[in-house]
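Open the model in your viewer and keep the selection tool at hand. The stops below say what to select and what is found there.

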Amino acid sequence: MLKISAAKLNDLFDAISAKQTLYIPVDREPNAAEFKKYESGMKLSASLNTIRSAKDFFFPQTENLADFKMNGKNIEVKDIREESEDFVIFGVRACDARSFGILDKVFLSEPVDSFYKNRRDHGTVVTMACTRPSETCFCTTFGIDPTVPEGDCAVFFDGENYFFLDRTEKGTKFVESISDMLEEGDASKLAEVQENARNIMKKLPLANLSTDSFGGDKLNELFDSDKWADLSEACIGCGTCTFVCPTCQCYDIRDFNTGREIKRFRCWDSCMYSDFTKMAHGNPRTSQLERFRQRFMHKLVYFPANNDGEFGCVGCGRCLSKCPISMNIVKVMKALEVK
Amino acid sequence: MQEAMIKRAKELLADGTVNRVMGWKRGEFSYDITPAVFETAEELDAEFVCDDLTQANVSKYLIKESRKEGKILALLKPCDTYSFNQLVKEHRIIRENVYVIGIPGGPKIDIEKIKAKEISGILSVKNEDYTLKIETIYGTETMPYYEAISGKCENCKSKKHVVFDELIGEDGDVLESNRFEMVEKLENMTAQERYDFWRDQLSKCIRCNACRNVCPACTCENCVFDNPKSGIDNKAAADSFEENMFHIIRAFHVAGRCTDCGECSRVCPQNIPLHLLNRKFIKDINSLYGEYQAGADTTSRAPLNDYSTDDCEPSIVHERGVE
Ligand code: SF4
Ligand code: SF4
Ligand code: SF4
Ligand code: SF4
Ligand code: SF4
């Protein structure tokens, strides 16, 4: 397997970023990593994952979709789209890599979202295998193997060397583009590291969380469950869970009048909000119970119903660590599961 | 202490003084504690928790709870009693419908501080004589208790309960805290440095609204930022300064009503030190209008809602801005 020694990682980053924009997770503060545009000398974060997910790269929090100019009765629509530049995201975890597949199902199915597709086409996703999962991780519940992540190219660290495995055409091109810096290496220690990580995954507190009680065919019994009242009781409707979630995909479209023109924006939205899908008569979900239920029903029932059984959660654990009142999808699943 | 709380809560449920208890429920791990309403002794026995990691201020929930049938028992830490009082003063909580037990405050432990020490896979946290013993998937770790103290407890302003019907444990005093230290540091920066500091901090904001929604001073039925008719709702931030405006405006809205409970900074997923904005307002109010602590009582008039002829002139503020 091709590898590079840990000491030369930054040389590799320098080489990649000389050709295209590179993003890597860096520590902003201890235990608070974020993806940053690589600049020479930046250190790859040792944190397990970033606070914000990597979905921003393809589905940014806000984007300007189009501009309109009004001239009497004429409306001129300005398509302000530009071809995205090629970029590489390095160090995406297996959970987030899977989330791109979930977002693809939404944005790349007909009618294709060309804004999203543009970025997706130009982005190369380089993933990094997990060796030290956190107690909040439960990706394996959704059939994700964190020791062999998806993505265009997967990277594995054995403590001394980074090994590269291309998984798609784009990944092969990526590895070729850096091949002069890589060398053939012995991956025997790597197998040990992977085995060790798999054993840890089995011992995680959420390792036995099951999806058996959920899925597209469980609509009525779950929707009508009397547990939602208790579960949603303390929810403050903030939307933190939806904004840190790699698979939350809802957006709103807003027009702003700048005085000279109209600017149309798309921005993340949250089903936890009172103005979510607000129509002439108001929000169809009038209580926080209904809004709360929507988030989890979407991930555990509606999404699989429309996507061949695939769940809309990747078990990244972000909503577990960031909800201000510590309510989350795991507590919901445990409360609703049929034992 | 937790046992004493459960015992007393059960008594009050049994003798009909209250029909519900506002407290906290344990979760999957030792730290994911959720505010909850308990209705029976069995529920209390099974799930009630109030330990070193129980930080949430439950006052805001009492707005809704005090409008329900019957009386509810609320267990309030000293800082929570200020929030409670302020909400009573603003006619948001119906005082008669809440039975308040003052409980001891912190210093509480913040799991984020433990995680910041690169301790991960946390299974349990125990306080053994002010050393934390942390069981993790990767083995046992220890760290001094004081290094894991929650930000909101670091500069505790008061150990005194400003409102209660009874107490569990002892009442304390208003403390001499150094809570304005960082504000002073910011004041002593040049305007550019200060601007850079805030731009750097606020640019981390993901506008998740946790700070606003958790804030006991933010109780508007429809926040201006959620109301399309207000003209300033900014769900889509057209430029990176809009999130900054959200925070500046919010700080103005809670000025004179913020009790410095620390919840905003505690819940921020991006660790933005929001309390510094509010403390700047508190410090200014103290120096311009005389010492004032929001929530300390329910009768005094708040400086920004009151007029007296010796109020400071707007020019004072103007001069400062110029300098
Ligand atoms: S579940 Fe938690 S994070 Fe999500 S809206 Fe409710 S309180 Fe906020
Ligand atoms: S629901 Fe929670 S655990 Fe699942 S993908 Fe979203 S943030 Fe991660
Ligand atoms: S409905 Fe809510 S939870 Fe589901 S994707 Fe949309 S914002 Fe996220
Ligand atoms: S959820 Fe799985 S893939 Fe994601 S960080 Fe944890 S172990 Fe890695
Ligand atoms: S909690 Fe933090 S990230 Fe969320 S809106 Fe407030 S300041 Fe921004």
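## Salt bridges and the interface

Over all chains, the count comes to 54 salt bridges, a salt bridge being a side-chain nitrogen of Lys or Arg within 4 Å of a carboxyl oxygen of Asp or Glu. This is a predicted model, in which local features need pLDDT of at least 70 and side-chain atom pairs count only at pLDDT 80 or more, while totals for chains, interfaces and linings use all residues. Residues are numbered from 1 along each chain as its sequence is written, chains are lettered from A and ligands numbered from 1 in the order in which they are written, and side-chain values use heavy atoms, with hydrogens and water left out.

**Stop 1: between the chains.** Select chain A and chain B together. Here 41 residues of chain B are in contact with 48 residues of chain A; contact means heavy atoms within 4.5 Å. About 4000 Å² is buried between the two chains, 51% of it on carbon and sulfur atoms. Buried area is the accessible area (1.4 Å probe) that two parts lose on being put together, summed over both. Now pick B:Tyr138, B:Ile206 and B:Lys235: they supply 18% of the area that chain B buries against chain A, more than any other three residues.

**Stop 2: charged pairs across the interface.** Five salt bridges are counted between chain B and chain A. Select A:Lys322 and B:Glu112, which form a salt bridge with their closest N and O atoms 3.8 Å apart. Next select B:Asp32 and A:Lys331, whose side chains meet in a salt bridge of 3.7 Å, N to O. B:Asp32 sits in the loop between strand 1 (20–25) and strand 2 of chain B, and A:Lys331 in helix 11 (residues 329–336) of chain A. Helices (H or I, at least four residues) and strands (E, at least two) are DSSP runs, numbered from the N terminus. Are these two residues buried or exposed? Both B:Asp32 and A:Lys331 are buried, where buried means under 20% relative accessible area, exposed over 50%, and partly exposed in between (1.4 Å probe, protein chains only).

**Stop 3: inside chain B.** Select B:Asp297 and B:Lys89, joined by a salt bridge of 3.8 Å, N to O. They are 208 residues apart, with B:Asp297 in the loop between helix 12 (275–289) and helix 13 (314–322) and B:Lys89 in helix 4 (residues 78–89) of chain B. B:Asp297 is partly exposed, with a relative accessible area of 25%, whereas B:Lys89 is buried, with 17%. Then move to B:Arg95 and B:Asp165, whose side chains meet in a salt bridge of 3.1 Å, N to O.

**Stop 4: a lysine in chain A.** Select A:Lys299 in helix 9 (residues 288–306) of chain A. A:Lys299 is buried yet has no salt bridge, and the nearest side chain of opposite charge, A:Asp96, is 12 Å away. (Lys and Arg count as positive and Asp and Glu as negative; His and the chain ends are not counted.) Leaving aside neighbours within four places in sequence, A:Lys299 is in contact with residues including A:Cys245, A:Phe311 and A:Ile329.

**Stop 5: an isoleucine in chain A.** Finish at A:Ile16, in helix 1 (residues 9–19) of chain A. A:Ile16 counts as buried because its relative accessibility is 4%. Not counting residues up to four places away in sequence, A:Ile16 touches A:Leu22, A:Val88, A:Phe174 and A:Ile178.
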